[in-house]
Amino acid sequence: MSNTIKCAIVGLDTSHATEFPKFIQDPAMEPEFQVKTMQVTRNLRFETPFQKKEGLDKRQAYLESIGIKVTENFEEAVADCDAIFIEINDPALHLEYFRKCAALGKPIFLDKPFADTLEHATEILKIAKENHIRFFTASSLRFDANIVKAHEEMPEIEQGITWGPLGMAPAGSSIVWYGVHTFEMLEKIMGPGAIQVTSVPDRQGVVCTVAYADGRRGTIQLTKGNYSYGGVLRKGGENRLFTFVGGKHLYHNLVEDIGRFFRGESEGVQLTESFEIMAMLEAAELSLQYGRPMPVYQYPNL
């Protein structure tokens, strides 16, 4: 692999398909936010319930303006690449396109959420193992400066509370699609060990309570129409409040870590953590449907 990693982006129905290349090769980006170790060469576009033709056309025009060829042919999109970003907003398509990309033997960044179901996430793990594929999946929220600082100040906690929006998915589960951000924040501050999730709906959204094997408790508040993020870390009588900073640092930190992962200098987010997040999301969705606590399934022994 050369010093500059040639990347293909599969998918155009998410803003990340244009935002991430902006940090890689848009000359208008401020120098301190540029990630110069990669170059995006091609993009594969297709419509999904999350983005129709008009939106795709606007995104294609931007990508072409910074030197990225956009195509509807998969083989052309991934030709001669060193690594792949799977940037598909519709999680129901993650398994299909991960299978296609895994056959190429390249490292992959799979954008959040892991998949639409835990069954499909498990199948992705199997495909990766069979094809000896290095990949990771993550929400950018775990890279926010304030949550990182709060976690460094209080690395071991008894209770964690995170809040964020309950965005309404055009298709599939809204909890899985948009709740992933807030669940990922909880995983960041609590670490692994979740065993059960109880979801309670109300007129504002959904509150999910996560039980841990060692007696700790996590609480996730998903609110309709309120797009603020934050949380509290608690241990004994001590509390650490954090609110979402956002800004260019957020995506820059994630894109930079993806570049390190592609070069073999980082392992990204551990797959055991990402699988637990997916397991919590599915448990939360099932608890909402059936009105009772649901178990969080453990990382499979493949």
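## Cavities

A cavity here is a set of points, on a 1 Å grid over the protein atoms alone, where a 1.4 Å probe fits but cannot get out. This is a predicted model, where local features need pLDDT of at least 70, side-chain atom pairs count only at pLDDT 80 or more, and totals for chains, interfaces and linings use all residues. Residues are numbered from 1 along each chain as its sequence is written, and side-chain values use heavy atoms, with hydrogens and water left out.

## Inside the largest cavity

The largest cavity holds about 70 Å³ of space; a volume is the space filled by probe spheres set on the points, which are joined across faces, edges and corners. Its lining (residues with an atom within 4 Å of a point) includes Lys 112, Phe 114, Glu 184 and Met 278. Two or more lining residues come from each of β6 (135-138), α7 and α9 (271-290), and α9 gives the most, with 4. Helices (H or I, at least four residues) and strands (E, at least two) are DSSP runs, numbered from the N terminus.

## The largest pocket

The largest pocket has a volume of about 290 Å³. Of its 16 lining residues, Ser 15, His 16, Tyr 178, His 181 and Tyr 251 are the closest to the centre. A pocket is an open set with protein on both sides within 12 Å along at least five of seven lines. For this pocket, α7 (174-190) and α8 (248-262) are the elements giving two or more lining residues, and α7 gives the most, with 3.
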